[in-house]
Amino acid sequence: MAALRKCSWAVLVLTNLAVFATATDENLLFNPLKSKDLNDFVSPPFVRVVYFFKGELPLQQPDRFLLNFKQASDILEDYGVKTATLHCKNEAMNEYCSRKHSVAESVFIFRGGNLLLEIQLASMFNIDAIVSNILQMVMLGEVPIVSDEEKLQQIMDMNKGKQDVLYSYQRAVGTLEHRVFMEVAFVYSNQYAFALSTSTEVARLISSTDVRHPTIWYLQCKSVSPMDASTKSCPVLRYTGPINLETFSKYMKLISMPNVLDFQESMLTKSEFDDLQVHRAYIFTDAASYKSTQALTAELGSHFIGSMVFLIVNVNKLPTYVVKQLGYGSQVTEVPSAAFRSYGSNNLEYMSVKFTETNIRNFLKHVLDTFNEETMDERLYTDNHPIFEVPPQEIQDDPVAEDAYLIRNKKFNTTSIPALTDKTFPAMLSEKNLFLVMFYVQWDPRTQVFMEHYAEAGRMLEHMTSDNTSPLARVNCADWPDVCEKNDVIRYPTFILFKNHKRMSEYQDRLDTMTVVKFVSLHLQQNPVTLTTKAEVTQFLEGGMASTGMYVLVLGLFKEKDTEELKAFATVASDLRHRFMFGIMKGGSLAEGTAQYFGTGLSSVVIIKEQDKDEGFTVLKDDLTQGNIAKFIEESSLPVFPALEPENFVALRSLKKPFVILFFSVDNSKVEVRKVMTEMAKSRQFNDFVLCYMEVGMNSNSMGSFILHSYIDEPSLPTIVTVNHDNGKLYNYPMGNDFSKQSISKWLQGISSGKAGLQTGELKDGKWKPLLPAYDFLAMIDSEEAEYRKEVEESMGGGRIPSRSGGTAPKPIPMPTSEPGTPPQPSIHTEL
Amino acid sequence: MLPHIVLVLWLYMQVITINCTANLPALKKDYCIIGAGPSGLQLGYFLHKAGRDYLIFERTNSSGAFFMDYPRHRTMISINKRNTGKTNKEFNLRHDWNSLLSDDDSLQMRHYSHDFFPHADVFVKYLQDYTEKHGINVKYNTNIVNVKRRDKFEFQMQDQSNNTYDCGTVIVGTGLSLPNIPSFKGVEHTVGYEDMSMDKADYEGKTVLIMGKGNSGFETADYIMGATNFIHILSRTQYKLAWNTHYVGDLRAVNNGLLDTYLLKSLDGVLYSEVEKMKFVKIGDKIHITQPGKSNSTHRQSRRPVDNNDLREPYDVVIRCLGFKFDFSLFDKSVHVEPGRIKGKEKYPAITHSYEAFNVPGLFFTGTNTHSLDHKKSAGGFIHGFRYTARVLSRILEFRNHNVSWPSVTQPTTELLNHIVKRFNEASGTYQMYGVLGDIVMFSRNRTVYTYIEEFPVNLLDQLRTKTGHDTEEVLVIIMQYGKRRFFKKFTGIPGKAHLSYFLHPVLYYYDELPSRGAMRNLTEGSVLPRPMKVHHTVEDFLTDFTAPNSHILLLRRFLESCFQTDLRNLYDSQCFSMAMTSEVVSSMCQYNDYQLKMSLPGERQGS
């Protein structure tokens with residue numbers, strides 16, 4: 001479990017929230033490629049990236065990866081990388097498409113007609129990850145990933161006297177910082193050598209302090225002459241700016257240019273530095289000391305490279321008005337001397353102490369630090385600030401809060417979710433027949449992350465309302481606590497559906513676009529609907545006004561005289577109308593015909609599940625009581641043999657039955673067992689269990705693989721595990737070669753009846769302790785108190801101050817009598 | 001015609017009955033509130049809302065009559081901050097020092113005056129509207145005297161016409177109504193703040209001595225300054241500046257004009273001496289001051305005669321501005337209400353932290369006369385403070401007399417963080433009554449749910465159950481506090497040094513069991529609660545916006561986590577899923593069937 005926690009910790013740092021696109025054309029593939037054009041596309045000697053898409057088009061829901069991939073492609077294009085997506089449907093002959101499932105789990109990278117490599121989707125979870133991973137692959141030679149100190153030493157040795165090296169420690173591949181490093185490396189790889197590692201061990205070779213955050217070092221290996229290569233090491237400069245594209249590429253530009261200039265020369269040509277917003281150090285000298293000052297400045301230049309340029313001001317050579325402007329004669333009375341001007345400032349700061357190398361260094365370091373401190377606020381959140389080390393307690397480790405922070409400035413259209421007030425909320429309540437309100441507090445990270453998707457849902461629902469306005473709204477309870485209180489809102493977010501000017505129900509489901517759309521649209525439509533014509537039946541079966549497959553349909557087929565059954569059905573329908581679409585047919589040939597179509601007769605309830613590929617519909621014929629119908633719907637509306645996923649976990653778990661999970665790999669020849677288990681599920685003979693499956697896939701990082709490995713150390717596929725969440729017991733299927741229905745049934749019966757010897761393990765305890773301790777203010781106060789008391793005792797000549805039981809303030813020391821009129825010392829009030 | 005006669009007859013009979021009141025049975029009320037000032041009305045409002053049998057007795061013919069006379073110079077010094085840039089009504093009460101608590105938005109002082117310091121007449125109008133709009137029961141022109149015990153459970157009192165009233169519970173909201181006049185020689189040559197002339201012409205070319213360094217003294221000086229030769233302000237000890245002490249009863253900047261003229265050498269001045277040791281002698285029109293044992297003596301060190309005594313020149317006018325005190329004459333001997341015993345608190349009745357008189361069960365106090373509890377500490381003596389303590393009293397009475405537990409909210413512990421952050425950012429009662437009222441979080445045994453009550457007098461923490469009807473052992477107390485000043489004297493805002501915050505900031509005290517009565521009684525000076533198991537300071541914020549994700553919320557989460565030893569991070573559904581599939585127990589945010597998990601956030605398919 002430690003591994004899981006560690007990883008989720010890492011994930012939060014790396015995660016960027018996927019952007020769900022809105023327009024319908026985004027439900028199609030971009031840069032589409034036909035199979036026949038694949039060879040032409042990949043044959044040039046440049047990097048080409050292809051994703052083989054295996055799903056259906058148009059997309060039912062926005063696909064996170066596709067959206068990220070599209071945006072990443074725009075960026076990658078700048079680096080000469082072209083991308084394409086190939087839709088595998090109707091391309092069965094394509095060698096990649098025919099590789100079955102695994103193809104959709106990877107992105108394929110080609111160069112010069114050859115497949116360089118596949119990158120698993122799992123490591124491409126956001127735009128940064130896609131760009132950095134692909135660039136890393138493109139430049140694996142130019143930017144090697146070094147795994148031990150020896151390798152790094154080799155790289156440095158190799159480059160001594162030749163070129164400088166930029167080496168970076170990265171927390172992981174695929175992060176924003178990694179992307180920045182790769183993008184910059186792409187541009188500068190012809191001038192510098194690059195290397196990176198993800199291990200702090202390697203970084204220790206050049207850093208005396210422990211490295212915790214992504215860091216870049218500038219190793220000046222070029223300055224080491226080949227003669228000294230064996231004895232001298234490359235001077236190390238740590239890059240102290242934030243690792244973002246703008247700042248780091250500016251740094252690269254700066255270190256690539258000479259940073260010691262003669263002021264006179266620099267005046268003649270418009271300096272490139274003007275565009276770079278760089279700090280300037282002015283070194284004043286006269287003709288006599290010019291040579292020695294120049295040599296000293298060169299030294300300083302290499303030390304401060306990347307942070308400032310040095311301009312040598314020869315006061316004898318320059319026109320008087322120029323040197324006067326620089327303060328010569330007023331601020332600077334003797335030479336040599338130094339001054340500093342931070343970018344954006346018109347004022348120079350002058351060094352007031354003797355002109356020695358140490359003094360200048362200290363002076364420049366001081367002014368630089370001061371500048372950094374002043375601009376620190378903006379940079380407080382960059383991990384690698386040179387001065388301000390953020391204590392681990394203050395580093396966010398809540399993945400949702402982390403994402404919320406990353407997207408905090410993101411703009412999106414909120415017109416579909418108007419923010420209501422104490423005036424507009426009652427107005428909307430009296431005007432609108434149906435609307436859903438999200439009551440929230442704006443600092444809640446879940447809400448922050450969800451807000452954009454909520455707006456998206458609003459836009460999707462606009463088209464489903466009679467007046468074409470969004471049926472969604474929101475109330476910020478931090479602005480309008482009175483409105484929230486009147487609606488009994490005490491937790492955030494709370495979603496309340498108002499119908500016919502009254503509170504109708506609460507939405508308590510997944511915070512995702514489509515689930516909200518489904519919930520509201522079910523209320524927007526007439527539900528249940530009585531079907532009397534063939535057209536109505538057709539429309540109902542096609543999913544009403546929403547697209548097919550969005551809802552599970554529940555159709556009640558009754559005889560005219562079935563009043564009891566009808567009543568029961570209607571009650572269930574009104575209870576569950578926010579989850580299912582209900583239809584009622586009463587008697588007549590149309591009802592009979594429809595029943596026949598579903599292989600049943602009148603007085604039946606049919607559940608129609610478009611999305612269940614194993615069982616399109618299922619029928620309840622007997623005992624049509626309210627309880628039975630409700631139970632039937634709860635149990636049978638789920639796919640008969642579902643893939644076990646985060647999305648349906650809560651629904652499946654709420655059945656409160658042990659899970660029987662088939663783990664299989666798509667490449668596995670014994671996938672036959674899937675059919676066996678599907679049949680078993682359909683037979684409904686194993687209703688004590690939830691039969692489901694997880695694909696393990698090629699990727700060892702996949703969810704299925706992770707979970708399976710927690711049950712079995714060295715699993716062979718396929719395999720079956722029964723998990724009983726209620727008592728934590730695990731049962732691995734013992735007969736690896738025999739997946740017949742009889743054997744599985746016997747095994748399950750054994751588990752059911754509590755037969756001994758079947759249990760193979762149990763779920764881990766799982767103690768979810770805090771990741772970090774809190775600040776211990778009590779201890780801080782105690783130690784400060786003790787110190788204070790000591791000071792007072794000393795100042796009072798050893799007189800003891802009585803010790804106190806509480807964490808409280810001792811009496812203030814008697815203050816000297818104030819001068820009349822000066823504010824008196826305050827008495828101490830309520831303090832701990 | 002007939003009905004008319006009947007009516008006349010009936011009226012006639014009424015007149016007779018009125019004449020015979022002395023013999024009639026007493027009017028009986030569950031609650032008798034004496035005084036229709038702001039606190040009496042505020043308490044009346046809550047009793048009214050609770051549907052209780054109550055009546056407010058008012059001596060004059062108007063609500064808030066004190067404010068018809070005071071402040072004498074007619075400008076309130078309680079701020080009427082009409083705009084804050086926020087719409088949150090609870091938050092805005094943090095900056096509205098005049099309005100009473102009400103669910104009627106029209107009863108906000110900002111609708112009554114545009115002045116930052118409103119005219120006192122406006123406040124009287126406000127209190128009259130407050131009474132009427134809420135239909136609060138007030139019996140005007142009824143001067144209550146002779147409050148006495150009727151029996152073990154009831155009180156009886158009378159008015160000026162000898163009508164008697166039987167009261168289950170008496171609540172005294174008469175404020176501090178008597179001017180404080182110390183005894184010293186020549187007091188007859190002085191006038192009081194309460195009866196001084198308000199005609200500036202009377203001070204034209206006069207030399208004035210004002211006794212008392214409080215707001216009324218300085219307010220008086222400001223008012224007549226333009227007419228006088230000069231003004232001296234005399235007090236026993238040095239004035240204290242409210243902005244410096246955070247105590248609004250100290251000298252407010254709005255009144256300190258005389259400090260300006262004094263220190264800019266414009267003849268005015270402030271001097272220190274004890275009134276009781278002085279003697280005021282009138283010679284002609286002038287009032288001379290002698291200080292026995294000083295004026296005739298010599299400097300001890302030099303043994304030279306004193307010829308430069310500050311008070312050697314006589315004054316034309318001497319004004320006493322020495323404050324007010326509680327009028328104990330209200331009570332019969334059977335109701336023995338004692339004055340406060342601690343120095344400086346003698347002007348208040350001695351009461352418990354439940355606002356009940358010591359040794360007189362059933363007799364309660366409300367408003368400024370309860371200020372002994374937080375004198376020089378918080379705002380309980382002022383409208384913006386006692387409007388909350390009046391609500392507290394109403395809750396105490398509801399439980400004491402009707403067994404109605406304090407209003408509370410019970411929720412899964414996963415909601416606590418948001419709940420606390422919301423209170424940090426808007427709660428006005430704990431903000432105004434800092435260090436006195438605090439929110440209390442109680443926990444079920446397995447900590448899956450918490451119960452939250454607001455604005456509890458933290459000094460009663462050991463009596464939590466008997467005062468509120470809520471039972472708990474483990475408790476979290478959330479109060480607002482100013483920082484200790486000896487470390488930093490300016491705003492800091494460093495989260496890791498939040499305990500050194502200079503400004504008002506939230507502080508959380510965690511107790512795994514309720515402190516004992518002994519611990520509460522033996523509080524050391526300067527502390528509001530006994531030593532807790534753990535404490536957390538949320539760092540002060542320049543904008544008083546405590547929603548910074550890391551500095552405020554993250555560190556608060558870590559504190560809650562450390563109290564409960566559990567991981568309270570929000571997780572995506574895939575993280576919850578992999579946790580649930582591999583462990584028997586999941587972290588609190590992923591609890592099966594919990595609200596948080598039902599409303600799961602899709603994201604991060606990275607299982608591992």
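Q: Is E635(A) buried, partly exposed or exposed?

A: The model is a predicted one. Burial is read from relative accessible area, where under 20% counts as buried and over 50% as exposed. E635(A) has a relative accessible area of 27%, so this residue is partly exposed.

Q: With which residue does E635(A) meet in a salt bridge?

A: A salt bridge is read from the distance between a side-chain nitrogen and a carboxyl oxygen, with a cut-off of 4 Å. The partner of E635(A) is K657(A), at 3.1 Å from N to O. K657(A) lies in the loop between α24 (646-653) and β24 (659-664) of chain A, while E635(A) belongs to helix α23 (residues 626-636) of chain A, so the pair ties together parts that are 22 residues apart in sequence. K657(A) counts as buried because its relative accessibility is 14%.

Q: Which residues are joined into one network by salt bridges that share partners?

A: The network consists of D422(A), K423(A), D482(A), K89(B) and D105(B). Over all chains, the structure holds 51 salt bridges.

Q: What separates the closest N and O atoms of E452(A) and K410(A)?

A: These atoms are 3.1 Å apart, and the two residues form a salt bridge. The pair links distant parts of the chain, 42 residues apart: E452(A) is in helix α17 (residues 445-462) of chain A, and K410(A) is in the loop between α15 (399-406) and α16 (424-431). E452(A) counts as buried at 8% relative accessibility, whereas K410(A) counts as partly exposed at 28%.

Q: Are E615(A) and K609(A) buried or exposed?

A: Both E615(A) and K609(A) are buried. Their side chains meet in a salt bridge of 2.8 Å, N to O.

Q: Which residues does E426(B) touch, not counting those up to four places away in sequence?

A: Contact is read from heavy atoms within 4.5 Å. E426(B) touches C477(A) and P481(A) in chain A, and N88(B), E90(B), F91(B) and R94(B) in chain B. E426(B) is placed in helix α10 (residues 416-426) of chain B, and this residue is buried, with a relative accessible area of 7%.

Q: Which residues form a negative surface patch?

A: The patch is formed by D471(B), E473(B), D512(B) and E513(B). D471(B) sits in the loop between α12 (464-468) and β20 (475-481) of chain B. With a relative accessible area of 59%, D471(B) is exposed.

Q: How many positive and negative side chains does chain B have?

A: Chain B has 71 positive and 63 negative side chains, and the centres of the two sets lie 5 Å apart. Of the 608 residues in chain B, 58% are buried.

Notes
Residues are numbered from 1 along each chain as its sequence is written. Chains are lettered from A and ligands numbered from 1 in the order in which they are written. This is a predicted model: local features need pLDDT of at least 70, side-chain atom pairs count only at pLDDT 80 or more; totals for chains, interfaces and linings use all residues. Side-chain values use heavy atoms; hydrogens and water are left out. Buried means under 20% relative accessible area, exposed over 50%, partly exposed in between (1.4 Å probe, protein chains only). Lys and Arg count as positive and Asp and Glu as negative; His and the chain ends are not counted. The place of a charge is taken as NZ of Lys, CZ of Arg, CG of Asp or CD of Glu. Patches are made of residues with over 30% relative accessible area and no salt bridge: like charges are joined within 9 Å, nonpolar side chains (Val, Leu, Ile, Met, Phe, Trp, Tyr) within 5 Å. Accessible areas come from the Shrake-Rupley method with a 1.4 Å probe; for residues, only the protein chains shown count as cover. Helices (H or I, at least four residues) and strands (E, at least two) are DSSP runs, numbered from the N terminus.
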